[in-house]
Amino acid sequence: MRQLTGGFLLVYLLAACKTVAPVVQQTPSPSVILSLGNRVFTTDDFFQSFTKNQLSSDSAQHTDVNQYFDSYTNLKLKVVAAEDEKRDTTEAFREEMATYRKQLAQSYLTDKVLIESITAEAYQRMQQEISASHILVPVVEDAAPADTLAAYQAALDLRQRALTGEDFAKLAREHSQDITTASTGGNLGYFTAFSVVYPLETAAYTTPVGTVSMPVRTRFGYHLVRVNDRRPARGIVRVAHVLVRVNEGANENETKAAQDRIDAAYTRLQKGESFETVCREVSDDVTSRANGGLLPSFETGRQVAPFEEAAFSLAKPGDLSKPVRTSYGWHILKLIDRRGIAPFADLAPTLRQRVTTDTRADVLRQSTIQRLRNEYVVSENKPILESALQKADSTLLRGKWQYTEPLDPVLQNKPILTIADQSYTVNEFFNYVQQRQQVPRNPAMTTSAATSATTPAQAGSPAVAMRRFFNRYVGDRLIATEEKNLDQKSPEFRALINEIHDGVLLSQMMEQNVWERSMADSTGQRAYFEQHKDNYQFAERAQASIIVAQNDAQLKQATEMLSGKPPYQLRRSGPALIYDRNQTSLTSSQHQSLLDVLTVLIRNPDYVVEVTGSHDLAELDSVSAGRIRAVVSFLQQNGISLSRITEKDYQGVTRQGSKDPYMQRTITFQYFSFSKSDVARVLNDRLQQSSGSTSASDSAVLITEGLFTRGMNPYLDAVAPWQPGTTILHPAGRAVALTIVRVEPARPKTFAEARGTVINDYQAVLEKQWLAQLRQKYPVKVNEQEIKKLAK
């Protein structure tokens, strides 16, 4: 395509002042490197594709220009064929491309410099923890200007009272409308970045200790923030816990019973019993007790204060806290891991994601919109806009506003907004409002405020709400306009879209012409196999199991767990069910415990569960059998096959280690597995907990089994010749048990054994034949001079 340049215009203007004929300078046409029929591809297009391939490929797999040109030609042949079949005009194709386009556009629409700045700010804030209190003066997002001003003035008055010496906590108790903190004097506790909404966080980090911020606006209203203290960040901690729940409204006897239970559990731990065992038998936390009480890592501000303080007071992995009371009940904590904040380079990708998805995203959006307002001509039709805003009524504040068409003649299809010569009508705007309106919520409001007579400041102004929607609409249309123009503004974006365009078409064409044909043509597969039998051979193979441990002690544990025939006992149990005398039916709490067992079995398809029942001496044998039946029936009804359930009935026999008759009225669960990898996983979890490690990469024991050829496993390669039996090795300070079950000599593969490889090879043949047809349909012409230039 010929283009007019600034130089051409300058020459034209100068020439207009002379009597001689102007000299027209033209931009030379781009060099063509490839022609397929009547389609041409430029050297620049090819070189851009080649360069990107070189940068994104493994350096060991780099190709030279000539090799890549062959691949490029084959790709373009398939794309040209797809375009001739109009595949790029179908609705499905357009929808798929629109989805890809929207995803790609996001990174081009945001201010990367601002993202980096906010990310660095967040990391800097994470180095400190802030203790703050606040007072909330509520005002809804869509309040009338007078109501907003009144709320702001009320916040200023409270601030002045605090600055002149009145107790901030007393002011918060009397005036704050935050349901979660008003009763505690507005105390927010200690927190760090990402713990509260961004405006509140900024006020806390920029206000000196002991002083009160200016009113800060959020969607809840105006806040006053008093900073009580600052301290260095304590990092991240991970704990396991035993929970004895104390329900809200528990009476004195229930409260004492809970404390007695937690004290008894603490005594057992002090005597050296395993934390995991005590947790499984005592804890009321159904989500963690099967995993030894292990909780996700957390930082300051993520847990209730007493729990958090107890966790951060533990110094060394394995340390236990004394029983600590929270609003949930009683806890005993065990420290698993404690670490400082990771370096910025490690956290930066996660932080960038967080700043674009939390309340900081509003700042990023406003920055983008402001930039686009400076780039595009935005014109609002003021008379039409004012008339449209007047159509708002109180239903908009309840999320139930509707409009009917046709509108009043003064509004029907009238342009309300123009961006870069593109007009948007009142009808389009109203449809936008109707689809995006929501029932407003303000969870920070106290119950008394929320249930009292609604004031204008709490109800909002329909006109203000409609104006907010319009501002949002303008921003969305600006972003859509920019997204539409990205092809012209960003060569990089245009290249990516073209690449995806070709990739989608290529996938469709390969599916139709190669992949589907190769899978369906069983006769062709068989014929190809018969012609190339020598290509499909088994080398000598060994059916083997390899256990790799860090030392002999760990190796011994693993081999002991794997001794005997599968299923292997995992030494992992589910939560026990305790029954009242003569009870066989399941209570609601027992149903909840069984859901834990069900979840474990669903997530671990190789698991088998042993259901063991018993009764005390005063009960009949049929009682324990009835308990087992009820449990097995529950598991069956929820999709667990009987083949995965075994039963054991102790009846009235006293269980080993149990001296309490009450504990005889139980159903217990032991897990087994047919998979050796499950054995390794359970063993590694146990070893990690005992060592305090939480890294998945710290696996102490690895178990690999299968059919191996030479070169697949270094430990097997170290043994020659292969013979059935077990060999113990100690390579590089590790302990390895290598068990060869059988050795299969080299032999030809049958068609069934080779079919997967045959299909892949057959696909290559079909693709080659198809490309030959395409080259006949679209004659290939190569500009060798251009290739030589690039190859230098």
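This is a predicted model: local features need pLDDT of at least 70, side-chain atom pairs count only at pLDDT 80 or more; totals for chains, interfaces and linings use all residues.
The largest cavity has a volume of about 90 Å³, the volume being the space filled by probe spheres set on the points, which are joined across faces, edges and corners.

Its lining residues, those with an atom within 4 Å of a point, include Met 126, Glu 129, Thr 192 and Glu 299. The lining divides into five nonpolar, three polar and two charged residues, with Gly counted as polar, and Ala, Ile and Met among the nonpolar types.

## Three-stranded sheet

Strands E10, E11 and E12 form an open antiparallel sheet in that order, where strands are DSSP runs (E, at least two residues) numbered from the N terminus, and pairing requires at least two DSSP bridges. Because E10 and E12 stand at the edges with a single partner strand each, one side of each is left without a neighbour in the sheet.

Strand E10 (residues 378-380) is joined to E11 (residues 415-419) over three bridges, and Glu 380 has Leu 417 as its bridge partner in E11. Leu 417 also has a bridge partner in E12, namely Tyr 424. Strands E11 and E12 form a hairpin with two residues between them, and Ala 420 in the turn has a positive phi of about 50°.

## Basis of the values

Residues are numbered from 1 along each chain as its sequence is written. Local features need pLDDT of at least 70 and side-chain atom pairs 80 or more, whereas totals for chains, interfaces and linings use all residues, and side-chain values use heavy atoms, with hydrogens and water left out.

Notes: On a 1 Å grid over the protein atoms alone, a cavity is a set of points where a 1.4 Å probe fits but cannot get out, and a pocket is an open set with protein on both sides within 12 Å along at least five of seven lines; lining residues have an atom within 4 Å of a point. Helices (H or I, at least four residues) and strands (E, at least two) are DSSP runs, numbered from the N terminus.
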